[in-house]
Amino acid sequence: MLALDIQHVRMNQRAANKAEALQCLVNILVEDQLVTPQYLEGLQAREQQSATYLGQGIAIPHGTPQSRQHILKTGVRLAHFPDGVIWDGENTIYLAIVIAAKSDEHLQVLQILTRALLNDISEQVKIADTQQQLIELLQAQPHSLALHENLIETHVLAEDLDDLLWHSAQCLKQQKMVETGFISALNPQHMIHLGENIWSISANQHVLSPAVSIVKAENTLQYQDKNLQTLICIASNEQLDLIQFNRLMDVLFDPNQQQQLHDQQDAHQIAQLIGAEIIPDWPTRTVILANAHGLHARPSSYLVNICKGLQGEIQVAVDQGQYVSAKSVTRLLSLGCKRGQKLTFIAEPETQAAVQLDQIIEAVKQGLGETVEPIDESNLVQVQQTPVLDFNNDQSDQQNKGIAASSGLAFGPAHVVKARTFQYDRYGHSLKSETEKLDIAIHSVKNSIRQYITKTDIDAIKQIFTAHLEMLEDPDLLQNVHKNLAQNLSAPAAWHEYIESAAKAQEALNDHLLAERAADLRDIGDRVLAVLCGVEEIKEPETPYILIKHDIGPSDVAKLNKDRVAGILTAVGGASAHSAIVARALAIPAVVGAGSSILQIKSHTTVLINGDNGEFVIEPEPNLIDQAIAERQRQQQIRYEAEAQCQHNAITIDGHQVEVAANIGKVQATQQAVERGAEAIGLLRTELVFMQHNSAPDEATQEAEYRIVMNTLAGRPLVVRTLDVGGDKPLPYLPIPEEENPFLGLRGIRLTLRKPELLHQQLTALLKAADDRPLRIMFPMIGRVEEWRSAKAILDDVRIQYPCKNLQVGIMIEVPAAALLAPILAKEVDFFSIGTNDLTQYTMAIDRGHPLLSAEADGLHPSVLLLIDQTVRAAHAHGKWVGICGELAADPKAVPILMGLGVDELSMSSTSIPLVKAQIRQLNYAQSQQLAQKALSCESAFDVRQLVG
Ligand code: PEP
Ligand code: MG
């Protein structure tokens, strides 16, 4: 491939005229053994046929096709003539780029140069005194000025200048030309009156790329005693292309053009008038994207696969946005298209692409390889983009003891996952060798990805890796990396700098979907970088391993392959943090909050963890492993027997029955819960359902999800908790201002009451999905009677339209205030469900995820038991039932006490159900009641645990 290389630039050449210059150039080519001296005739002949002057003081001499016989090797050389050479009568050149190409490879050089020639570089070319300067000039990014039809709006309803300014800025912002803050940089005092009705305003802060928007009001406004109807809003920065800008200004200042602009009401016509880029008049089709997670990597690569084989251009835009090629995964992802947004496809006329347009639309409707829930187009709402919140809790070390987070013994080779560091030189040796290195690295990563794809049976994993493969083959990505290489960067620098800038650009859009793509980009980025820098990739051990990480989020745990991960050991975290809850749900033993020294454990060293007491041993003696195996077998036997009986009711030996239900966070988990003996779903954590979506799921999506649970339950009751966002469960697309104490802040019902439309929508979806099946709805984090009544009022409103025969409405008791007010609340609710995780945290004033203290936040503390007792008595006095849905419900020491306090239902992670049911079947209710009364007068959680034995 022909490219411009710093080593191929000859400075300080002199020639009195063009003939001497051509001779000089041939001498250079001969010296470098690219041509024989006869090539000179070819250069001369070409100059006779057509001028090789390019502009900006640069010529690009090359031989005729007939002279190719004198070429020994394809190549390009640059000669700088500081005194200039008159080239074609009127133009003087300072730089000649002479090409010896056996075929049409010189077109590649032309491609690079034509971009550079968009900038005014003639003076810099003339005075350049280093090779580096010249190469940089030639490879510089062009100056730009976005001026296209999408940036023109007519018939704008504006009452005053403020309205017009807002529309102008908004137009630029929608096209991603400016960012938040641009509008406040627009100062009306600096507006310029261009002519009748036309004004301009400009700003250079918060500009992402120079652009001009034109906004024309429906009615003429008044500003400073003059008419104002058209506002030209200029967003400029140092990349502003002055030539193009001046051309635009010439048009705008011309009274004739002003008149036409004044008369013209059509954006397309105005675009033509001012020479803006117009949306090609190509066959067009639109479709609403119905994929729940938007146009993310997998559907994008599916779409690219359909489009890339088609001859002819095919482009796509979201809503009124800019068009991008539908043949590039990177470009498609940059659209950030969400469910419910409109995709407009255009295809080059009379090509295969145009013929296939309907099939492409159909494929999008069908979900591009994903199952999609049809969208109610009449009910589309704009999704707000909001900043992703960063929650971080660091903590101190503790040797070989962490917090027991998920029961069970596990051992296996350590798989330590931590950030890797890569070292490399910024500049490379030669373009050729760096390009080769990069190609080899990409090739090797692609091979290993292909192996993963063939090895795995899991579709989701296959799809993720296929999307990674597509990314590595994305022409746009490769082209950008090659641009970096052409600037003499080394292969790792060229690769990493582009990947990082692309990832950052995605993140800057503050979009969950694009942030996910940034993570994917960094993932493939690191793999290639690891090969380039010779950093060994830490391979997953072949046998089930102990995953060791700084921290792990609920969604990370949810993604784990249970067959590969025997146990989890983390440096930070608490037992009732949601990540621990997910680990328990997956029945993966886990020890958390073990201190950062665990990250020093060498990969593949054997580690034994005890998820029941929080202990872990590095390189345990063989006898310890034997004991662990024996203990595990004992536990497995107990579990096996309990599982065999799991569909039987939980009735004590003296005939008292307790309902045992399941807590779930994914609708698909219902089936497993039922199989494990759940008599109901006692807690559907709907915020976890929301978290599986990159933007707020709309009513239809929610309804479909809730329906899955109801259908699977086949008549068993479903207790659903309305969104409980906040605390340690931020939702990227639900804005919560940064808070000092998120657990004491805008959380649960406090948040949804401030977003009643969200609550209304969720309740509607629930009632619609219920079809008169037993539905129980409860509100989280109720602390005040007013909160309960406001939430209930919203539900009553929905019930008018969607009546539901088998509905009960209750609240969670997880704020001590609610437990203390239970006698009042019990009159109004149908049931209580006690969330002991939060009730304990708020009663003991210990953050449930606190690395050091959370072990002290024991739900069996008498203060918590007293609140539970008070709640149960108040409920029963009014004939209402009480459940427990916190983690305490599955604690074998707590089961007899909670039952003894009169709790009617215990809801837990479904893996615990068989064991708890088996335990209840061996208990005596009367004795448990006595035990519970004794527990109420204990002085510590320790004493309560001792009491149970
Ligand atoms: C609780 O607080 O006990 C509860 C069940 O809710 P969550 O753990 O989801 O906050
Ligand atoms: Mg809670």
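Which of the 16 residues around ligand 1 come nearest? In this predicted model, they are Arg 685, Arg 721, Gly 835, Asn 837 and Arg 848, where a residue is taken as near a molecule if one of its heavy atoms lies within 4 Å of it. Residues are numbered from 1 along each chain as its sequence is written, while chains are lettered from A and ligands numbered from 1 in the order in which they are written. Because the model is predicted, local features need pLDDT of at least 70 and side-chain atom pairs count only at pLDDT 80 or more, whereas totals for chains, interfaces and linings use all residues, and side-chain values use heavy atoms, with hydrogens and water left out.

The protein chain holds 949 residues, of which 53% are buried; buried denotes under 20% relative accessible area, exposed over 50%, and partly exposed the range in between, with a 1.4 Å probe and protein chains only. Its secondary structure comprises 36 helices and 30 strands, these being DSSP runs numbered from the N terminus (helices H or I, at least four residues; strands E, at least two). When contacts between residues at least 6 apart in sequence are considered, 71% of them join residues at least 24 apart, a contact being heavy atoms within 4.5 Å. The accessible surface of the chain amounts to about 41,800 Å², and carbon and sulfur atoms account for 49% of this area, as computed by the Shrake-Rupley method with a 1.4 Å probe, in which only the protein chains shown count as cover for residues.

Oxygen atoms of ligand 1 approach several polar side chains. One such distance, to a polar side-chain atom of Arg 848, is 2.7 Å; an N or O atom in the side chain of Glu 814 lies 3.0 Å from a ligand oxygen, and for the side chain of Arg 747 the corresponding distance is 3.1 Å. Taken alone, ligand 1 exposes 280 Å², and the protein buries 100% of that area. The elements that contribute two or more residues to the shell around ligand 1 are β24 (681-685) and α31 (836-844), and α31 gives the most, with three residues.

Helix α31 is itself largely enclosed by the rest of the structure, because seven of its nine residues are buried. The buried residues of α31 are Thr 836, Asn 837, Asp 838, Leu 839, Thr 840, Gln 841 and Tyr 842. Just after this helix, Ala 845 adopts a positive phi of about 55°.

Elsewhere in the chain, Ala 714 occupies the loop between α25 (699-713) and β25 (718-721), and it counts as exposed because its relative accessibility is 61%. Although Ala 714 and Ala 680 are 34 residues apart along the chain, their C-alpha atoms are separated by 9.9 Å.

Strand β10 (residues 226-235) contains Thr 230, which counts as buried because its relative accessibility is 2%. Not counting residues up to four places away in sequence, Thr 230 touches Asn 197, Ile 198, Trp 199, Ile 214, Val 215 and Lys 216. Gln 229 is also found in strand β10 and is buried, with a relative accessible area of 7%. With neighbours within four places in sequence left aside, Gln 229 is in contact with residues including Leu 164, Asn 197, Val 215, Lys 216, Ala 217 and His 262.

Note on methods
A polar contact is a pair of N or O atoms within 3.5 Å; within protein, one must be able to donate a hydrogen and the other to accept it, and residues adjacent in sequence count only if both atoms are side-chain atoms.
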